[in-house]
There are 2 protein chains.
Amino acid sequence: MKYTFSDKIAELKPSAIREIFKSLTDPSVISFAAGNPAPESFPVRELSQLSAELFQTNANQALQYGITEGYTPLREAIEERQKEKFGTVREGDNTLIVSGGQQGIELTCKVLCNEGDVVVCEDPSFIGALNSFRSNGAKTVGVPVEEDGISVEALEETLRTTKNVKLLYLIPTFQNPSGITMSLAKRKAVLALAKQYGVIILEDNPYGELRFAGEDLSTIKSLDTDGIVVYCSSFSKILSAGMRVGFVIAPQELAKKLVVAKQGEDVHTNLFFQMLCHAYVTRYDLDTHIRSINELYRRKCNLMLSCIDESIPADRVTFTRPEGGLFIWGTIKDFSDSSALVKKALEKKVAVVPGSAFLCDLSATSPSFRLNYSTPSDEQIVEGIGRLGEVIRSL
Amino acid sequence: MKYTFSDKIAELKPSAIREIFKSLTDPSVISFAAGNPAPESFPVRELSQLSAELFQTNANQALQYGITEGYTPLREAIEERQKEKFGTVREGDNTLIVSGGQQGIELTCKVLCNEGDVVVCEDPSFIGALNSFRSNGAKTVGVPVEEDGISVEALEETLRTTKNVKLLYLIPTFQNPSGITMSLAKRKAVLALAKQYGVIILEDNPYGELRFAGEDLSTIKSLDTDGIVVYCSSFSKILSAGMRVGFVIAPQELAKKLVVAKQGEDVHTNLFFQMLCHAYVTRYDLDTHIRSINELYRRKCNLMLSCIDESIPADRVTFTRPEGGLFIWGTIKDFSDSSALVKKALEKKVAVVPGSAFLCDLSATSPSFRLNYSTPSDEQIVEGIGRLGEVIRSL
């Protein structure tokens, strides 16, 4: 049988990250390639206890079909916390539970974009989002990211000159892959531009709570007075990634369409874990738990940065120094394509992700690469950055 | 803000079932409208024990990101069981875990259909699938269902005269909503037609194991020698619906595309419950468990049918007499639109689903309605069918 696939899927390639992941089955490879939270960040004891209770008290509900919008008490708990801490809930907004932030991203694109419509993205950006847009037949158009976030001038030029832009996808805080946080001034400028050009902003904030230095900045959603921002986040980085529980906060009219689209995708998100999340956030202090995660990540990030300072010549590679999140972004000076580095590093059994994987233009090259510090052990960080230094000095 | 939605989503209406479900918040309403498995069918004690063990022995894996294809030991266990019992695995096929059968249906459409392409469906068919196709911008074209399954003549005519048919969606066993099972002769004829016209068949088989009378028929997938059938099923009706764990078995080339599309939707299915499913199927006897479910459903179905025989004049309404599954399908004689019945029944606090909800043509009417017997209690079945009889006699 000769298969003919839809145009959007036929053109989609397995991501470069997946190819690197294959090499990680070799246990001697030190991986800085993942985007996984540290396993120590899962509150296993608490979840285990709450799970036992849930099986005892409410199993028939937890194992049965639920409503597409999500478990109402969890939606209410999220709204309350988001309103108080981040101001991300406007009057008339709805909160939906989704199967990880990834689904929130995908549904927003599906609801807004016809095939051929454009999603403007930071360049580089989260590869999972880029592929999700592509798999819906949307085109991704990139706008460069500067030290304080997306280039506002380039964004304006793109919005002015590009037809059928339906969505502006942004990760303003501890951006994946760059670790960069967008300044408040730029958040305001970006919001004003989106309003001017009638483009919905999808603010993806999976890492926003993972701040271990500096001060919180207002989310773009909290600055929005016109209902043009859809806000997406998840419990993946603060409770468990494997459970796939995320949420979207959106103006009601838009949220209703997200629900219809989600119903066609998976009916609803795993109800047992929605109820478990709800039990956790009401019975335990999530903020205290997140502080302990951030202590861990501060230490790991600082360890990686000090190893970098020791082993990697500062005149060859510059690195971002994030105040939170999971990633450090290295850029090789006077170099066009980091893939040679990535390949040589893999030969030395260190895995990093080439910057090109995160670009909107799949044929472009990048002098940058991404390092993750949340997953490797301290020993792996020391050893792996040492090896990376050797590779870089040999380039 | 004035929102502009994608064409495919803008045209999609919340399903009639959802509207009926809203009335079910009234606890005095007896509902035959659901498609839920009986809560007694969840093996709560076993899942609870296995869950406690999983938290103790392997929590860090179960709560962490997993691979998109699904938990390998579960995939292997499914393949082994499917191969032995149903012959649904060909050489070169891949098995993927999806977030409920619903996701398997949606991904197959996404991978094969451009916007405007056609999915040919049984008419009536599963509303969740129809909306899933629509939410991908595909058109649904219906072919009538007869007592022994889809009309082969009408199917041939449709395939011959319709452009851009990319997918033929079928629920051959205990069809939702009709409860009808397609004969073996028709399964073979349908497969031959699909081959002749180069159309992929999506065989959806969520109810296939729920047989309480008669003999199993070969799945269409087991008859396929050309790799033109994608097979989709789930644990929703035999272990738990709320956990959202289903699977797709497809030729490798197609399966790879499904994986790429799934990655963009939810990265992977809840890993904890994938591991729990695996523990269940390896530690307990799933067949014995399914037999106990079928005993329950046989009793409930027979009870509903005997109440129907008692309370509803046979010259006014004909009913299907299913050998398994969850549904009975009633058709009012010399009547064009069952919605008057549905409305009057709701006034008498009995909820049934009008046949029109399951049609490809959203503006069409139907003299039929769907009854579910798995969810209501015995008392509710007796009382509810009694009330329905009154309503029908008053029509």
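This is a predicted model: local features need pLDDT of at least 70, side-chain atom pairs count only at pLDDT 80 or more; totals for chains, interfaces and linings use all residues.
Trainee: Into which domains is chain A divided?

Mentor: Chain A is split into domain 1, which is written as 7–43 + 288–393, and domain 2, which covers 64–283. Taken over C-alpha atoms, the centres of domain 1 of chain A and domain 2 of chain A are separated by 24 Å.

Trainee: How many residues does the contact take from domain 1 of chain A and from domain 2 of chain A?

Mentor: Two residues are in contact if their C-beta atoms, placed from the backbone, lie within 7 Å. Here the contact takes 32 residues from domain 1 of chain A and 35 residues from domain 2 of chain A. On the side of domain 1 of chain A that touches domain 2 of chain A, the elements giving two or more residues are helix 1, helix 12 and strand 11 (327–332) of chain A, and the largest share, five residues, comes from helix 12 of chain A. The residues of that side of domain 1 of chain A divide into 18 nonpolar, eight polar and six charged.

Trainee: How do the axes of helix 12 of chain A and helix 14 of chain A cross?

Mentor: Angles under 35 degrees count as roughly parallel. The axes of helix 12 (residues 286–311) of chain A and helix 14 (residues 378–393) of chain A come within 9 Å and cross at roughly 30°, and therefore helix 12 of chain A is roughly parallel to helix 14 of chain A. Their crossing is right-handed. Helix 12 of chain A brings Lys300(A), Leu303(A), Met304(A), Cys307(A), Ile308(A) and Ser311(A) to the contact, while helix 14 of chain A brings Asp378(A), Ile381(A), Val382(A), Ile385(A), Gly386(A) and Gly389(A). By class, this contact of helix 12 with helix 14 of chain A has seven nonpolar, three polar and two charged residues.

Trainee: What supplies the side of chain A that touches chain B?

Mentor: The contact takes 61 residues from chain A and 61 residues from chain B. Among the elements that each supply at least two residues of the side of chain A that touches chain B are helix 3 (44–62) and helix 10 (252–266) of chain A. By class, that side of chain A has 29 nonpolar, 22 polar and 10 charged residues.

Conventions
Residues are numbered from 1 along each chain as its sequence is written. Chains are lettered from A and ligands numbered from 1 in the order in which they are written. Axes are lines fitted to C-alpha atoms, for helices over the stretch in contact, and angles run from 0 to 180 degrees between N-to-C directions. Helices (H or I, at least four residues) and strands (E, at least two) are DSSP runs, numbered from the N terminus. Angles under 35 degrees count as roughly parallel, over 145 as roughly antiparallel, 65 to 115 as roughly perpendicular and the rest as oblique. A crossing is left-handed if the near helix is turned anticlockwise from the far one by less than a right angle, and right-handed if clockwise. Ala, Val, Leu, Ile, Met, Phe, Trp, Tyr, Cys and Pro count as nonpolar, Asp, Glu, Lys and Arg as charged, and the others, Gly among them, as polar. Domain bounds come from an automatic or database domain assignment.
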